[in-house]
Amino acid sequence: MPTPHADLPVRRLTPADLTACADLSEDRGWPREEHKWGLLLTAGTGYGIDAPQGKGLAAASVLTSYGPENAYGPEHTRGPALAAIGMVLVAERHARQGIGRRLMRHVIAEAGDTPLTLHATPYGRPLYEELGFAVTGRAEMVHGHFRPSGSPTAVPTRPATADDLPAILRLDTEVFGQDRTHVLTRLPAFADQIRVAEGEGGITGYAAAWPNMQTHVVGPLIARDTPTAKALIASLAAGTDRPLRTDIDVRHEELLEWVKACGLEPVAFNDVMTYGLPALPGDWTRRFAPLTVAAG
């Protein structure tokens with residue numbers, strides 16, 4: 001007898017599953033995004049359900065964990081851990097058969113008491129709400145060729161160096177609210193550009209641009225204020241001929257208006273949802289865009 005879809009076994013994915021994950025993305029009409037899958041499968045924990053018949057995956061997801069075990073410095077050894085769920089995909093031929101629910105319940109169980117977050121599309125939001133997630137924020141995806149508009153910002157930026165890493169990690173932990181060392185130390189190999197902004201007290205912001213198909217994604221984007229965020233985006237745009245894409249917290253209205261005036265078009269909205277905590281930790285006023293919506 002075939003195994004009911006609700007009881008299909010879930011297994012850990014490894015980097016060897018990268019092609020199968022990219023095939024699954026393509027099956028659902030998403031870009032293959034092999035570069036991003038490579039990061040997620042090494043920095044996070046992938047979970048998948050093999051297709052009941054035939055080869056490939058019926059479903060996949062990645063859990064990227066942050067927390068005290070990765071703390072940078074003694075001042076950040078306490079506080080709640082956090083994990084981000086991303087790339088929740090079910091093959092078209094297996095859609096609406098309970099496989100996505102089966103996978104999500106498994107990932108939630110694997111996370112245990114760890115609070116969770118994810119970015120939900122309108123299509124996925126009803127399932128996540130059924131599982132206990134609540135909407136606590138919103139992000140807007142914008143995309144396009146950047147064309148400078150208005151007066152240039154006076155905030156200086158420069159390429160990041162290896163010597164900047166400790167300061168970047170300290171700033172990121174303070175703003176994000178959890179330690180992301182195991183992800184951010186992969187940025188130099190993952191991103192094409194990393195830039196920092198500096199003030200009298202040291203680094204006041206940083207941002208990366210990483211390749212995703214034919215675009216450059218701007219993220220993470222951490223900045224002291226909106227002028228600093230603008231300077232970082234403009235400096236990254238000056239270093240590429242590709243269109244930019246980023247996902248900006250909708251509370252940063254001034255930055256969203258500015259990037260749209262500079263040629264980036266609105267694409268979609270994602271709901272930021274949490275499970276086990278009322279809101280994301282950290283300082284949202286300095287957190288403008290995630291590394292990727294799949295990993296926070």
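Q: How many residues of the lining of the largest pocket are nonpolar?
A: In this predicted model, the largest pocket holds about 1,000 Å³ of space. Its lining consists of 38 residues, and Trp30, Val88, Thr121, Tyr123 and Tyr128 lie nearest the centre. Divided by class, the lining has nine polar residues, seven charged residues and, as the nonpolar number, 22.

Q: Which element gives the most residues to the lining of the largest pocket?
A: Several elements each supply at least two residues of this lining, including α3 (99–111), β5 (116–120), α4 (125–130) and β12 (265–275). The greatest contribution is six residues, and the strand that gives them is β4.

Q: From which strand does the largest share of the lining of the second largest pocket come?
A: The second largest pocket contains about 340 Å³ of space. Of the 25 residues that line this pocket, His119, Asp249, Val272, Leu280 and Arg287 are the closest to its centre. Strands that each supply at least two lining residues include β4, β5, β11 (244–249) and β13 (287–289). The largest share is four residues, and these come from β6.

Q: Is Arg138 buried, partly exposed or exposed?
A: Arg138 belongs to strand β6, which covers residues 134–144. Among the residues it touches beyond four places in sequence are Ile248, Asp249, Phe269 and Asp271. A residue is buried under 20% relative accessible area and exposed over 50%. Arg138 has a relative accessible area of 39%, so it is partly exposed.

Q: Is Thr64 buried or exposed?
A: Thr64 is placed in strand β3, residues 57–66. Beyond four places in sequence, the residues that Thr64 touches include Leu40, Leu82, His182 and Ala295. Because the relative accessible area of Thr64 is 2%, this residue is buried.

Q: Why is β11 described as largely enclosed by the rest of the structure?
A: Leu244, Thr246 and Ile248 point one way from β11, whereas Arg245, Asp247 and Asp249 point the other way. The residues on both sides of β11 are all buried. The strand is therefore largely enclosed, since the number of its six residues that are buried is six.

Q: Which residue in β11 stands opposite Val142?
A: Strands β6 and β11 run antiparallel and are joined by six bridges. Within β11, the residue opposite Val142 is Thr246.

Q: Which residue in β11 is the bridge partner of His216?
A: Strand β10, residues 215–223, pairs with β11 in the parallel sense over two bridges. His216 has its bridge partner in β11, and that partner is Leu244.

Q: How many residues does the second, separate core have?
A: The largest nonpolar core has 39 residues, and those with the most contacts inside it are Trp37, Leu187, Tyr206 and Leu291. Leu187 touches Ile194, Tyr206, Ala208, Pro220 and Leu291, leaving aside residues up to four places away in sequence. A second, separate core includes Leu221, Ile248, Leu255 and Val259, and its number of residues is 25.

Definitions and conventions
Residues are numbered from 1 along each chain as its sequence is written. This is a predicted model: local features need pLDDT of at least 70, side-chain atom pairs count only at pLDDT 80 or more; totals for chains, interfaces and linings use all residues. Side-chain values use heavy atoms; hydrogens and water are left out. Buried means under 20% relative accessible area, exposed over 50%, partly exposed in between (1.4 Å probe, protein chains only). Contact means heavy atoms within 4.5 Å. On a 1 Å grid over the protein atoms alone, a cavity is a set of points where a 1.4 Å probe fits but cannot get out, and a pocket is an open set with protein on both sides within 12 Å along at least five of seven lines; lining residues have an atom within 4 Å of a point. Grid points are joined across faces, edges and corners, and a volume is the space filled by probe spheres set on the points. Ala, Val, Leu, Ile, Met, Phe, Trp, Tyr, Cys and Pro count as nonpolar, Asp, Glu, Lys and Arg as charged, and the others, Gly among them, as polar. A nonpolar core is a set of buried Ala, Val, Leu, Ile, Met, Phe, Trp, Tyr and Cys residues joined through side-chain atoms within 4.5 Å. Two strands pair if DSSP finds at least two bridges between them.
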